[in-house]
Amino acid sequence: MTSVAAARRRQALSRFWADFRRHRAGLAGLVVLVAAVLLAVFAPLFIDDSVTSVVDAPGEEWSGPSLAFPFGTDESGRSILLMVWWGSRTSLLIGFLAALVSIVIGMVVGIAAGHFRGWLSAVLMRVTDWFLVLPSMVTALVLAAILGGSTFTIIMAIGITTWPSTARLLRAQTLAVEARPYIERSKALGGGHWHITTRHVLPNVAPLLLASTTLEVASAIVTESTLAFLGVSSNKTSWGTMLRGSYDYGAATQGAWWYILIPGLAILVVVMAFTLVGRALEAVLNPRLRKAT
Amino acid sequence: MTAPLEAAEPAVQAAGPGDERPVRRGTLQYALSKVGGALFSIAMVIVATFFVFRLLPGDPVRNLAQGRNMTPAQLDLERHRLGLDKPLINQFFDFVGNTLRLDLGTSYEYKRPVLDLIGERIGPTLLLAGTGLVIAVSLGVWQGTRAGWRHGGRFDRFSTGTSLVLWSVPTFWLGLLLMMVFGVGIGPIPGVLPFRGIESVDAPDGFAYLLDVASHMVLPCLTMVAVIYAQYLLVMRSSLLEEVSQDYVTVARAKGLRDDEVRRRHAVPNALLPTVTLVFMRIGFVVGGAVTVETIYTWPGLGQLFYEAIVVPDFTLMQGTFMLITVAVIIMNTLADVVYHLLDPRVRSA
C-alpha cells in the first residue's frame, strides 16, 4: 500500500472517531463494553473454575448480600458475584463467536449474491429468504437439542439461524458499490471477481459490517442465555445457566431475589452496551439514519 | 434482541417514495408468485426437517428407548414398526406422504398422535399470543406516534430509551422478575397474581371461570407485551418521521388543518403501513417469545409443548411442533407480502 493511501486511511479513521465521540450513549456503551471484555479476559488471574464448584462452596446456602458475598449466594453456597464474573467468559465468548459465524456466512452470501448475476444470485437470495423466514429462536432450539448442547453447537446454532439479515444488507451494499464508475475502471484493467470483491467491495462495506457485528453480538448473548435457560446448553457456567439454576431451585419462592436479579442485570448491561455502540456506529456511518435519530 | 430491527429495515425502505405513476399491474400475478414461493419454502421445511432429524447422533430407536432394557429382538421390532429398516429414500417418501396427510407420528412421551396434542394446545397459545400481540401493537403504535410527532422531545427520548432497554432484556428474565414481584411477592409484600398454568385447581364455572383465566393471563401477557412492543414503537416512530417531511403534510398544514388532524388523518394512516406489515413479518419472533413465556408460567400452550419435547427429548413431537410453527410463520409472512402489496400502491409500481 502506498503511503498516500495509508495517510488517507488514517485521516478517515480519525474523522470517524471524532464523529463517534459525539454520540454520548455510544461512548458510554464502548466504555462498559471494553470494561466487560477486560474483566472477562483477565478473570483467570484472580479466580478459577473452583468458584463454580458445589463441593467446596464457601458460604451458607441462600444467604443474602453481605460483605463477604456482595451479591449473596446460590442454592449450594457459591458466591453469585464470582460466578457472574466467571460466567461472563462463556457468555461473551459464545456471543462473539456466534456473531462471527453469523457475520462471515452473511458476508460471503451477501457479497456473492450482489456481485454475481443470474442464477447464482437468484439461488442465494432464495436460500437467504428461506432462512430469514424461519423462526430463529425455535430453529436454534431444535438444532441445539439435536446436536447436543456443547459450546460449539450453541455457537453454530445461533450463527446458522441469524445470518440472513446480514446477507440482505450486504447484498444491497454490494449492488450500490458496484454501480460506481471505478469498478468499471477496475474491470477494464482486468480485475477479476476476487479482486473486485476483496479489494473494492469489502473495504467499502467493512465499516457497516462492524456495526452489524456489534448488534449481532448483543442478540447472540441474549439468544445464548435463552437457549441455556431452556436447558439445551451444557452445564458450563454462563449467565443463562445461572438463571436456569435460579428457576430450577425456586429462587423466587426462596426469596433469593439476588440470584435472579444479578445474572440478568449482567446480561442487560452488556447487551445494552453492545446495542448502544452498534447504533452509534450505524448513525455515524449512515447519514440517512443520522437525520432520524 | 436486535436482529428483528435490522430485518425490519428493508420493508421500511421499500416504502420509499416512487417517482413513476403507479401502474396497476397484476396484483393477482404477484399474489400467485408469492404463494408459489411460500409452497416452495414449505416443501423445503419438510425436506430439511427430515434430514436434520436424521442427523441425530446415535440410533434413533435407542434414543427412543432411553436406557430402558430392550432385547435386540424388541429393538428390531421397534425399528420395523417405525420403518427405520427401510432404505433412506423410502423413509423419505413415507415421511413426506405422512406429513402431507397431516400424520405427524405418535409422541413417545404421551403415546398419542402429535396432531391431537397440538390441537389441544393451540387454543391457549392463540389466546395468550393473540392478546399479547393486540396489546403490543396498539401500545407500540400509540406511543410510536406520540414519540415521532414530537420528535426529540422528552416523551420521545423516554420512549426510545425504554424500548432500547426492553430490547436488550432477555424475555425469560423479565418473566422471572415479574413472577417474583407480582406472583410470589418479596419479603412481607405478598404476591397478588397467580403465575402457574391457565386456571386454578378449583376453578369455578361460568363467568367466574373467565375471570380466573384472565387473572392467570396477566403476568404472561405482560411479559410478552413488554418484550415485543418495542419493535412496533420504533418502526412506527421512524416511519412517522419519514412522513412528517413529505410535501402532503406541508399541504395539509397550509390548508389550515389543526396539528391533531394533520397527524390523525394524513400522517398516521401512511405511516401505519410498515408497522402493519411488521406485525405479520415478525410473527416468528412472537412465537420465540411464546416458547419462553409459556415455559416460565407453565402455560399449557404450543410453546410449552415444544419445550417439553426438547427436555424429554421427544423427537417426534419436536419435529411435528417445529414443522407446524414454521409453516404457520411462512403463511403469515406470505400474507404480509400480499396485503402490503394490496395496500401500498408505491410497492405495486416497483
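1. Two residues are in contact here if their C-beta atoms, placed from the backbone, lie within 7 Å. By that rule, Ile155(A) touches Ile94(A), Leu97(A), Ala98(A) and Val101(A), leaving aside residues up to four places away in sequence. The model is predicted, and the remarks below should be read with that in mind.

2. Stay with Ile155(A) for a moment. Ile155(A) sits in helix 6 of chain A, residues 151–162. Is Ile155(A) buried or exposed? Ile155(A) counts as buried, because it has 22 C-beta neighbours inside 10 Å and the cut-off is 20 or more. Arg10(A) is 145 residues away along the chain, and the C-alpha atoms of Ile155(A) and Arg10(A) are separated by 34 Å.

3. Next, the interface. On the chain A side, 43 residues are in contact with 48 residues of chain B. Elements of chain A that give two or more residues to this side are helix 4 (119–133), helix 5 (136–147), helix 7 (164–178), helix 9 (193–229), helix 10 (239–248), helix 11 (251–254) and helix 12 (257–285). Helix 12 of chain A supplies the largest share, nine residues. By class, the side of chain A that touches chain B has 28 nonpolar, 14 polar and one charged residues.

4. One helix pair across the interface deserves a look. Two packed helices are described by the angle between their axes and the distance between the axes. For helix 5 of chain A and helix 12 of chain B (residues 283–296), the angle is about 55° and the axes are 7 Å apart. These two helices are therefore oblique to each other. Which residues of the two helices meet? From helix 5 of chain A come Ser136(A), Met137(A) and Val138(A); from helix 12 of chain B come Gly284(B), Val287(B), Gly288(B) and Val291(B). The residues of this contact divide into four nonpolar, three polar and no charged.

5. The largest nonpolar core has 154 residues. Which of them touch the most other members? They are Leu141(A), Ala144(A), Leu243(A), Leu176(B), Tyr232(B), Ile310(B) and Met318(B). Helix 12 of chain A gives the most to this core, with 18 residues. Ala144(A) touches Gly149(A), Thr153(A), Ile154(A), Ala157(A), Leu227(A) and Val232(A), not counting residues up to four places away in sequence.

6. UniProt (unreviewed entry) places "transmembrane region" at residues 25–47, 92–118, 130–160 and 256–281 of chain A. For residues 25–47 of chain A, the end C-alpha atoms lie 32 Å apart, and the span is 78% helix and 0% strand. For residues 130–160 of chain A, the end C-alpha atoms lie 12 Å apart, with 84% helix and 0% strand.

7. The UniProt feature "transmembrane region" (unreviewed entry) covers residues 31–53, 122–143, 164–187, 207–230, 271–297 and 317–343 of chain B. Residues 207–230 of chain B are 100% helix and 0% strand, and their end C-alpha atoms lie 33 Å apart. Residues 271–297 of chain B are 93% helix and 0% strand, with end C-alpha atoms 36 Å apart.

8. Chain B as a whole. How many helices and strands does chain B have? The secondary structure comes to 15 helices and zero strands. Of the 350 residues in chain B, 40% are buried. Among contacts in chain B between residues at least 6 apart in sequence, 74% join residues at least 24 apart.

Terms used. Residues are numbered from 1 along each chain as its sequence is written. Chains are lettered from A and ligands numbered from 1 in the order in which they are written. This is a predicted model: local features need pLDDT of at least 70, side-chain atom pairs count only at pLDDT 80 or more; totals for chains, interfaces and linings use all residues. Helices (H or I, at least four residues) and strands (E, at least two) are DSSP runs, numbered from the N terminus. Ala, Val, Leu, Ile, Met, Phe, Trp, Tyr, Cys and Pro count as nonpolar, Asp, Glu, Lys and Arg as charged, and the others, Gly among them, as polar. A nonpolar core is a set of buried Ala, Val, Leu, Ile, Met, Phe, Trp, Tyr and Cys residues joined through C-beta atoms within 7 Å. A residue is buried if 20 or more other C-beta atoms lie within 10 Å of its own, exposed if 12 or fewer, and partly exposed in between; C-beta atoms are placed from the backbone. Axes are lines fitted to C-alpha atoms, for helices over the stretch in contact, and angles run from 0 to 180 degrees between N-to-C directions. Angles under 35 degrees count as roughly parallel, over 145 as roughly antiparallel, 65 to 115 as roughly perpendicular and the rest as oblique. UniProt positions are given in the numbering used here, feature names are shortened, and annotations may be inferred rather than shown by experiment.
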